[in-house]
Structure formats: C-alpha cells, structure tokens
Amino acid sequence: MKCPSCLNNGTRVLDSRPVDEGRSTRRRRECELCGFRFTTFEKVEETPLIVVKKEGTREEFSGDKILRGLIKACEKRPVPLKVIEDITHEVEKELRNQGISEIKSEAIGEMVMDRLAKVDEVAYVRFASVYRQFKDINVFIEELKDLINRERE
C-alpha cells in the first residue's frame, strides 16, 4: 500500500477491524519511511447483478428497492423491520450465491413473495397485488385461493 504522504510503497498494518457487518475490513496503517498514519478499507469486489425487467430493460440489482417494497407491503402490520431486512438480505445472498450475472425481475419477486407469505399473509397479498399487477378481482381471488392452499400443505 502506497503512503498518501510520501508515496513510499512500504507500510505496515497497525490494526484491523471488521466493519459493515463483516463485509469490509478497516485497516490502520503506518508508513515505514515517514511514519504517517492512515486508514484503508478492504472490501470484496462483487460482480454486478443485472435485473431484466418485464419490458426487457436492464438495471443493476438494488436491495434497497426490495426493502422499500417490503416496507410498503408491511405498513401497519406487526412485522418488525429486522424481519423485513432479513428477507432482503436472504434474497440478495441467494441471488449472489447462484453465480449468475443476470436475473429476471419475476424470479426476484417470487423469491420475495415466498418468504413474505411465511411472515404475514396480508403483507403478502399487498406485495403480490402490486408485483403481479392484478387486473381484476378474479385474479385477486385466485391469488387468495393459492395462499389458502399453500397453508394447507
């Protein structure tokens, strides 16, 4: 690591600490030549995950979009924010573990709905109604029947 003060290549690590829930490492360093101390952050480089939308457009995956959708679906429901955040992290982790570079938005929505159905049925129906864009009450009723059948299994 180059010293930002004298540009010497020789530095030593004084202290290392995990940050950002263990996803990064903060290192305190000292230049071996001039003694200047500075901080660096080390982070695993993640390959971008591209989401293919229904209309065919592509955009980079954003866990924040999932989180915002879940917060809206769970509004005025007894679902703790921690549970909502856990669903978001589980989905993102599963997607990244698949090792693929592109995923359809429909697949992401299904992953979210599978988890949400186990947490809160009303929030699930809210999320599904926006995600699946129910055209009329019959489609809505069919979704409710599917939910009831899932519970029986």
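Leu7 counts as exposed because its relative accessibility is 56%; exposed means over 50% relative accessible area, buried under 20%, and partly exposed in between, with a 1.4 Å probe and protein chains only. The model is predicted, so local features need pLDDT of at least 70 and side-chain atom pairs count only at pLDDT 80 or more, while totals for chains, interfaces and linings use all residues. Residues are numbered from 1 along each chain as its sequence is written, and side-chain values use heavy atoms, leaving out hydrogens and water.

Leu7 is found in the segment before β1 (11-19). Strands (E, at least two residues) and helices (H or I, at least four) are DSSP runs numbered from the N terminus. Most residues other than glycine have a negative phi. Leu7 has a positive phi, and Lys76 has one too. Lys76 sits in the loop between α1 and α2.

| Residue | Phi | Relative accessibility |
|---|---|---|
| Leu7 | near 65° | 56% |
| Lys76 | about 60° | 79% |

Ile66 counts as buried, because its relative accessibility is 9%. This residue lies in helix α1 (residues 63-73). Leaving aside residues up to four places away in sequence, Ile66 touches Phe61, Thr88, Val91, Ile108 and Val112, where contact means heavy atoms within 4.5 Å. Val91 is 25 residues from Ile66 along the chain, and their C-alpha atoms are separated by 9.0 Å.

Val91 is also among the residues with the most contacts inside the largest nonpolar core, together with Leu70, Leu95, Ile108, Leu116 and Phe127. This core has 27 residues; a nonpolar core is a set of buried Ala, Val, Leu, Ile, Met, Phe, Trp, Tyr and Cys residues joined through side-chain atoms within 4.5 Å. Two or more of its residues come from each of α1, α2 (81-97), α3 (105-119) and α4 (121-131). Phe127 touches residues including Leu70, Val112 and Leu116, not counting those up to four places away in sequence.

The protein as a whole has 5 helices and 6 strands, in the order β-β-β-β-β-α-α-β-α-α-α along the sequence. Of its 153 residues, 30% count as buried. The C-alpha trace spans about 75 × 35 × 25 Å along its principal axes.
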